[in-house]
Amino acid sequence: MSSTHHPAFVHHFENLGEQKEAATFGMWVFIAQEILFFGGLFGAYAVYRNLHPDAFYYGSHHLNIPLGAFNTAVLICSSLTMALGVHAAALGKRTQIVGWLLATVFLGSVFLGIKVVEYKEKFDHHLVPGTSFDASQLHMESIEDPALLAKSQKAAQIYYSLYFAMTGLHALHMIIGIPIILWIAARAWLGQFGPEYHSPVEITGLYWHFVDIVWIFLFPLLYLIPKPH
Amino acid sequence: MWSFPLFPDQASTLASKVDALYFFLIAISIFFSILIAVLVVGLAIKYRRRSDDEKPPAIHGSLLLELTWTLIPAGIVLVIFVWSAEVYFSAVRVPKNAIEVQAVGKRWMWKIQHMTGKREINELHVPVGVPVKVTLTSEDVIHSFFIPAFRVKKDAVPGRYNTMWFEATKTGKYHLFCAEYCGTKHSGMIGTVYVMEPDAYQAWLGGEQAGASLAGAGEKLFTDLACITCHRGDSGARGPDLAGLFGKPVKLASGETVTADETYLRESIVQPAAKIVEGYQPIMPTFQGLLSEEQLLQLVAYIQGMKAEVKDEAAAPAAGAAAPSTGAR
Amino acid sequence: MQTEVVTTNSEDAAPGNGLDRENYINAKHGIWSWLLTTDHKRIAILYLITITLMFFLGGAFAAGVRLELMTPKGDLVDSDAYNKLFTMHGIVMVFFFLIPSIPAVLGNFLIPIMIGAKDLAFPKINLLSWYIYMAGAAFFMVATLFGGVETGWTFYTPYSTAFSHTNVILAAVGIFISGFSSILTGLNFIVTIHKMRAPGLTWFRMPLFVWAHYATSLIQILGTPVVAVTILMVAVERLLKLGLFDPALGGDPILFQHLFWFYSHPAVYIMILPGMGVMSELITAFTRKRVFGYEFIAISSLAIAVVGFLVWGHHMFVSGQSTYAGMVFSALSFLVAIPSAVKVFNWSATLYKGSVSWESPMMYAIGFIGLFTIGGLTGLFLAAMGLDIHMHDTYFVVAHFHYIMVGGAIFAYLGGIHFWWPKITGRMYPEYWARVAAVLVFAGFNLTFFPQFVVGYLGMPRRYHAYPDEFQVLNVMSTAGASLLGIAYLIPMLYLTWSLFAGKKAPANPWGAKGLEWTIQSPPTTFNFEHQPVVTEEAYAYAEGHDTTHDPAAPPAQAHA
């Protein structure tokens with residue numbers, strides 16, 4: 001079997017095809033695990049949005065929707081460049097792989113940069129949960145009922161806890177993803193990938209698409225909450 | 001040495017039902033344990049290896065046997081399920097004529113208040129032969145109110161009211177335990193339940209009247225807090241009429257219907273906006289942090305008793321607790 | 001069906017003992033050859049050493065608990081110390097011993113060999129799992145050194161988030177980290193089982209040990225992340241006072257219980273399913289007979305894994321959850337009993353017309369069937385809502401899950417360790433002492449935990465430092481049993497360690513058992529197989545020519561001390 005002489009072949013597999021299948025399947029299983037990992041937070045989100053609809057509405061009102069929407073577009077573009085990178089890898093076009101991967105890294109960094117701007121805004125407005133949290137920033141005065149107002153002001157902290165937990169965890173996944181893509185790009189530059197072997201590019205692509213899809217759910221759930229009743 | 005108990009006192013109407021199910025399950029367990037033990041040990045001895053060259057036959061299995069030992073256990077667990085659900089329902093459905101007791105868990109004691117306003121700590125006096133409903137909440141962590149002799153237990157969860165009931169059948173002293181781990185003196189959060197003859201109970205209850213009855217205290221609060229200004233009961237009132245409300249379905253502005261139970265009443269005082277009654281504006285202020293758990297229970301007891309105009313206090317459900325505020329810590 | 005496992009290598013056909021040849025143990029030398037190894041067998045050894053240490057640490061905590069409970073008054077240690085003892089016993093045993101035990105040691109060692117592979121799919125990730133486990137354990141040990149933790153292993157809110165004054169964050173982070181070790185092990189197993197089976201090894205020819213680990217891995221992948229994020233929420237809530245589980249701030253303490261048990265009930269099956277896999281191997285090997293109802297045992301593992309995800313609410317029958325939710329959870333919990341019963345009956349039926357030898361691993365297997373039956377049947381008591389009201393959080397529950405976790409999982413673990421010890425180390429252990437230990441473990445275990453059923457129904461709540469006088473006799477029995485059990489656990493430690501140096505050299509197949517692992521030398525070489533094995537028959541095909549694999553030079557009877 002010629003594929004067993006490929007430099008990337010790891011001896012304990014039967015052949016390169018089995019190695020590639022194992023790697024891809026492993027990434028899918030990992031993604032299943034990731035879905036459940038985010039799932040715990042989505043579950044808590046569902047329970048608390050149901051308990052405190054007003055707090056979630058007013059909390060989300062304070063997020064920067066244009067920036068969030070722009071970031072969504074940036075991430076979708078980065079998925080596209082990633083897909084083009086994987087395509088180039090399948091064709092074995094070295095400079096194209098590197099180009100598309102670097103474009104993906106650039107877009108990912110833009111996303112994170114904008115996220116930093118958004119986080120800083122929240123920090124300046126005392127909307128980071130903890131002792132300095134100040135719900136008066138959320139302009140909930142339009143809630144007429146004082147009891148609901150008091151309840152929502154408390155629960156707003158839960159909204160922001162979930163906001164930071166979910167977007168933070170998502171950002172952490174991107175922060176882990178970017179160096180991996182850079183590493184893959186370096187390997188591509190060294191000419192390690194070709195039509196016969198490019199599964200590292202492929203599974204990195206899978207991971208990156210998963211991270212994007214999580215954001216596609218996070219954006220409407222956190223930013224676009226309609227007014228209750 | 002051998003004079004220790006193997007079986008707990010049976011001192012409530014529920015106890016015999018629970019025990020009947022328990023004995024049924026023990027019988028099933030003994031049957032299957034012996035069956036399996038005899039099968040395994042018997043076969044292992046009968047077919048013990050006599051020579052190293054033995055070549056046992058290849059038996060692949062038997063669909064008939066597989067079905068047998070799938071369906072028979074399925075049938076048995078179905079019977080247990082139905083029976084246990086039946087017992088469970090009799091444990092959660094509170095009889096209408098139950099007298100009421102309020103219990104608040106606080107690390108590490110049970111604070112109990114009777115409908116007359118009489119309070120006790122880590123002791124609970126109840127009459128024999130009368131259903132007693134206990135409404136539970138907690139001031140701090142989760143506790144669990146457990147009386148083994150009655151086979152009843154319920155968690156006391158901060159921020160919500162759970163209820164349980166029992167009817168004692170035997171006078172005497174019984175253990176009261178906290179069954180949910182709550183910290184340092186969890187095992188010290190125990191008390192005694194005294195089941196008394198009704199006469200003795202009445203005497204005990206009337207013995208030292210500690211202030212006003214629960215509902216009486218609630219009525220005073222109702223006036224002091226000027227609840228009556230809105231909850232007047234006439235057509236122009238800004239708040240819903242509360243007389244006769246308890247236990248009835250309430251139609252909400254959201255279109256849902258809820259039952260006006262203790263938890264609903266408490267929530268409506270602490271978080272009035274959570275459930276707005278259809279036809280009313282969300283204008284009631286919150287009383288969270290302004291009323292102690294104890295006062296909340298008094299108010300709830302009073303509102304429960306507002307059945308039509310005349311209602312004697314004995315029938316008015318009671319509530320009780322001595323507790324700081326539930327709200328902002 | 002007639003052909004044996006086909007291998008072209010003559011050494012594999014009669015491999016024998018490999019201690020004097022090259023094997024995975026002597027292939028490389030030096031501490032770094034172990035700490036940086038990617039060989040699944042060496043990683044299994046790393047796990048074996050660490051979880052054994054954890055087992056004795058958890059056992060020491062248990063000893064403290066049992067000694068305290070000899071007298072009704074809390075007189076040996078104060079209540080805070082007692083609360084720490086039972087909490088840390090639970091955390092160590094559940095997260096750092098039982099969850100990794102069979103999968104990380106026996107599964108790691110055997111799964112690649114059983115399916116005819118040279119290693120797991122991702123050897124580096126396998127090593128990473130061990131380091132992650134060690135990092136989690138290190139956090140927990142630091143928490144212990146700083147004074148421990150006393151929330152109960154269940155970390156119920158709001159106690160853990162707002163009231164406990166102990167090292168909750170450190171312990172929670174330790175558990176969070178070790179969870180990823182479990183996830184990565186599961187991931188490795190699933191990919192390996194899917195993609196790396198030997199030619200001819202179809203799904204329904206796999207040993208049931210592999211099936212059980214496949215089901216276990218599914219739970220590890222789908223359950224562990226949820227508890228990881230939940231435990232993390234507890235740590236963050238505690239750090240920043242967010243109000244996620246604090247009713248005063250709009251949170252819901254019961255939500256924690258839902259998220260926690262969504263994982264932690266399936267986690268019970270992470271602990272017991274691999275044990276069931278071991279059982280199928282032991283019973284077939286020591287009856288020299290095909291397992292009865294292979295497909296039913298295989299599928300019942302998956303059924304347990306799937307239904308196990310739907311029963312978590314039975315931990316909350318008295319928390320005030322809705323009556324109807326309770327009924328659904330109760331019904332589903334009863335449903336889990338059925339695949340478990342199917343397994344027990346199939347194992348029992350396997351003995352019929354077998355050639356049963358009462359070797360020490362088989363003694364553990366027979367003990368397992370009995371104790372697991374009692375543990376399972378008492379589970380019915382607790383799934384029955386009307387009874388659970390009374391039994392919830394009493395010693396009845398403690399007794400029930402120890403019958404499953406110790407009577408089930410640890411019996412299977414010990415049975416498996418003895419069964420594969422010759423394969424792992426190339427040495428036989430003294431059979432006489434192994435039988436003595438098996439009998440003592442069985443006796444000590446029953447004396448420890450059977451009285452707890454009785455004292456539980458009497459109403460003694462769990463996690464009690466002091467208790468009413470009338471419970472004392474039963475508690476003294478329990479403590480006496482625990483002392484016996486403690487000694488019984490030490491005996492295998494001694495003779496197994498002794499056997500490493502002075503044990504008789506083991507042949508390739510001391511038990512005359514079927515399975516690819518018995519066709520290679522003991523201990524195996526680094527890549528397990530010289531040539532890719534090809535499987536042409538079903539698992540446990542004992543009737544078809546066992547003489548070819550059985551090594552008559554070393555009949556098991558000669559292994560007695």
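Guide: This is a predicted model. A place to start is helix α10 of chain C, where the cover over the buried residues includes α2 of chain B together with α8 (208-240), α9 (253-287) and α11 (323-351) of chain C.

Visitor: Which residues of α10(C) are called buried?

Guide: They are Tyr294(C), Phe296(C), Ile297(C), Ala298(C), Ser300(C), Ser301(C), Ile304(C), Ala305(C) and Gly308(C). The label requires 20 or more other C-beta atoms within 10 Å of the residue's own.

Visitor: How do you know that the span of α10(C) agrees with that of a helix?

Guide: The helix has 15 residues, 294-308, and at 1.5 Å a residue it should span 21 Å. The expected span is 1.5 Å times one less than the number of residues. The end C-alpha atoms of α10(C) are 21 Å apart, so the two values agree.

Visitor: What makes up the contact between chain B and chain C?

Guide: Chain B gives 75 residues and chain C gives 78 residues. On the chain B side, α1 (13-46), α2 (63-92), β6 (143-147), β7 (152-156) and β9 (172-178) each supply at least two residues. The largest share of that side comes from α2(B), with 15 residues. By class, the side of chain B that touches chain C has 45 nonpolar, 15 polar and 15 charged residues.

Visitor: And how many residues are in the contact between chain B and chain A?

Guide: Ten residues come from chain B and eight residues from chain A. The chain B side of that contact has six nonpolar, four polar and no charged residues.

Visitor: What is the confidence in chain B?

Guide: Its mean pLDDT is 84, and 89% of its residues reach 70 or more. Over residues 309-329 of chain B, pLDDT stays under 50, although the model has 72 contacts beyond four places in sequence for that stretch. Where pLDDT is low, the predicted coordinates should not be read in detail.

Visitor: What are the domains of chain B?

Guide: The domain assignment gives domain 1 (8-32 + 63-210) and domain 2 (214-305). Their C-alpha centres lie 29 Å apart. Ten residues of domain 1 of chain B are in contact with nine residues of domain 2 of chain B. On the domain 1 side, β1 (99-106) and β5 (131-138) of chain B are the elements that give two or more residues. That side has three nonpolar, five polar and two charged residues.

Visitor: Why is β5(B) called largely enclosed?

Guide: Six of its eight residues are buried, so the rest of the structure largely encloses β5(B).

Visitor: What makes β5(B) a paired strand, and in which sense does it pair with β1(B)?

Guide: Pairing requires at least two bridges between the strands. β1(B) and β5(B) have seven, in the parallel sense, so they pass that cut-off. With strand β8 (residues 162-167) of chain B, β5(B) pairs in the antiparallel sense over six bridges. There, Val132(B) stands opposite Phe166(B) in β8(B).

Visitor: Why is Gly188(B) called partly exposed?

Guide: Gly188(B) has 16 C-beta neighbours inside 10 Å. Buried needs 20 or more and exposed needs 12 or fewer, so Gly188(B) falls in between and counts as partly exposed. Gly188(B) is found in the loop between β9 and β10 (191-196) of chain B. Gly188(B) and Trp108(B) are 80 residues apart in sequence, and their C-alpha atoms are 6.9 Å apart in space.

Visitor: Which secondary structure does chain A have?

Guide: Chain A has six helices and zero strands. Its C-alpha trace spans about 75 × 30 × 30 Å along the principal axes. Of the 229 residues in chain A, 44% are buried.

Visitor: How does the reach of helix α3 of chain A stand against the expected value?

Guide: Helix α3(A), residues 65-91, has 27 residues and reaches 39 Å from its first C-alpha to its last, close to the 39 Å expected. Its buried residues include Gly68(A), Asn71(A), Leu75(A) and Met82(A). Among the elements that cover the buried residues of α3(A) are α4 (94-124), α5 (146-189) and α6 (199-223) of chain A. Just after α3(A), Gly92(A) takes a positive phi of about 75°.

Methods
Residues are numbered from 1 along each chain as its sequence is written. Chains are lettered from A and ligands numbered from 1 in the order in which they are written. This is a predicted model: local features need pLDDT of at least 70, side-chain atom pairs count only at pLDDT 80 or more; totals for chains, interfaces and linings use all residues. Two residues are in contact if their C-beta atoms, placed from the backbone, lie within 7 Å. Helices (H or I, at least four residues) and strands (E, at least two) are DSSP runs, numbered from the N terminus. Ala, Val, Leu, Ile, Met, Phe, Trp, Tyr, Cys and Pro count as nonpolar, Asp, Glu, Lys and Arg as charged, and the others, Gly among them, as polar. pLDDT is the predictor's confidence in each residue, from 0 to 100. Domain bounds come from an automatic or database domain assignment.
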